[in-house]
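Let's take a friendly walk through a structure, from one chain to its meeting with another. Have the picture open while you read.

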Amino acid sequence: MIHKTEFVYVTYISTTPEKVWSALQDAEMTKLFWGRARNVSDWQVGSTWTHGSYDDPAVIDVTGTIVESDPPKRLVVTWQSAKAPAGEPASRVTYLIESVFGAVRLTVTHDELVPDSPMAQGVSSGWPAILSSLKTLLETGAPMPMTTRRWGAPPA
Amino acid sequence: MSMDRVFKALADPSRRRLLDLLHAENGRALGELCEHLAMSRQAATKHLNALEEANLVAVVWRGREKQYFLNAVPLHQIYERWIGKFERQRLRALHDFKKKLEDDS
């Protein structure tokens, strides 16, 4: 049986869907819970988006397009590593933000990954830390220390 | 999401084995998981429900079948709460010890 490489991550956050939606796009938030990153787009369907360094806008790690946007419930983007070999197809990330019992269930599905690609390996170590830190940041006002620095960058 | 449920779910070897199976190959159905387990479908379903309640597995419906995915987000919360915190303290103690030795010399 052939399996596509796919990951599904779920976290429950005591907050509102609007706050989760804006945290994914607000650079002042992503710099704290997403390895000092900045996501840039106008978030309209068909537009491009980039994910790169908060401090240096010239450093881009991931690019893609907005496939679906239904604030504050559902966002679907394509996801292509800036370092991917030419011709490697983009993967896809779906953010599903649902209200459950006065909290939010955030489900991040990363699929259409190339099996055993560096991106497929990075995804499985990256998302749990980022989502865990997003939860802690929204609930306590402070992120987890490990996500406040840029990953893979030389130590400051 | 209660941490008690996460620790309780992890306290069972069969449930840890299920997580290992999903780590090796994510997104499997009950039948595929049972091929690797010496237990009935009912017993496996019970363990998977406990893992789902602890949010250690995420479930996606594919037609009439559930597919199970390893959800490591609660494990990261444990890591940060129970390992990261103590590690930082240990490193600070080591730093203080080094500083004391250097100040004394």
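A crossing of two helices is left-handed if the near helix is turned anticlockwise from the far one by less than a right angle, and right-handed if clockwise. The model is predicted, so local features need pLDDT of at least 70 and side-chain atom pairs count only at pLDDT 80 or more, while totals for chains, interfaces and linings use all residues. Residues are numbered from 1 along each chain as its sequence is written, and chains are lettered from A and ligands numbered from 1 in the order in which they are written.

The crossing of α3(A) and α5(B) is right-handed; helices (H or I, at least four residues) and strands (E, at least two) are DSSP runs, numbered from the N terminus. The axes, lines fitted to C-alpha atoms over the stretch in contact, come within 8 Å and cross at roughly 70 degrees. The two helices are therefore roughly perpendicular (65 to 115 degrees).

Here is who touches whom, contact meaning C-beta atoms, placed from the backbone, within 7 Å:

| Helix | Residues in the contact |
|---|---|
| α3(A) | A:Pro128, A:Ala129, A:Leu131, A:Ser132 |
| α5(B) | B:Val73, B:Leu75, B:His76, B:Gln77, B:Glu80 |

Overall, 15 residues of chain A are in contact with 16 residues of chain B. β1(A) gives the most to chain A's side, with 7 residues.

β1 also belongs to an open, antiparallel sheet of 7 strands in chain A, ordered β1-β7-β6-β5-β4-β3-β2; strands pair if DSSP finds at least two bridges between them. β1 and β2 stand at the edges with a single partner strand each, so one side of each has no neighbour in the sheet.

Note on methods: Two residues are in contact if their C-beta atoms, placed from the backbone, lie within 7 Å. Axes are lines fitted to C-alpha atoms, for helices over the stretch in contact, and angles run from 0 to 180 degrees between N-to-C directions. Angles under 35 degrees count as roughly parallel, over 145 as roughly antiparallel, 65 to 115 as roughly perpendicular and the rest as oblique.
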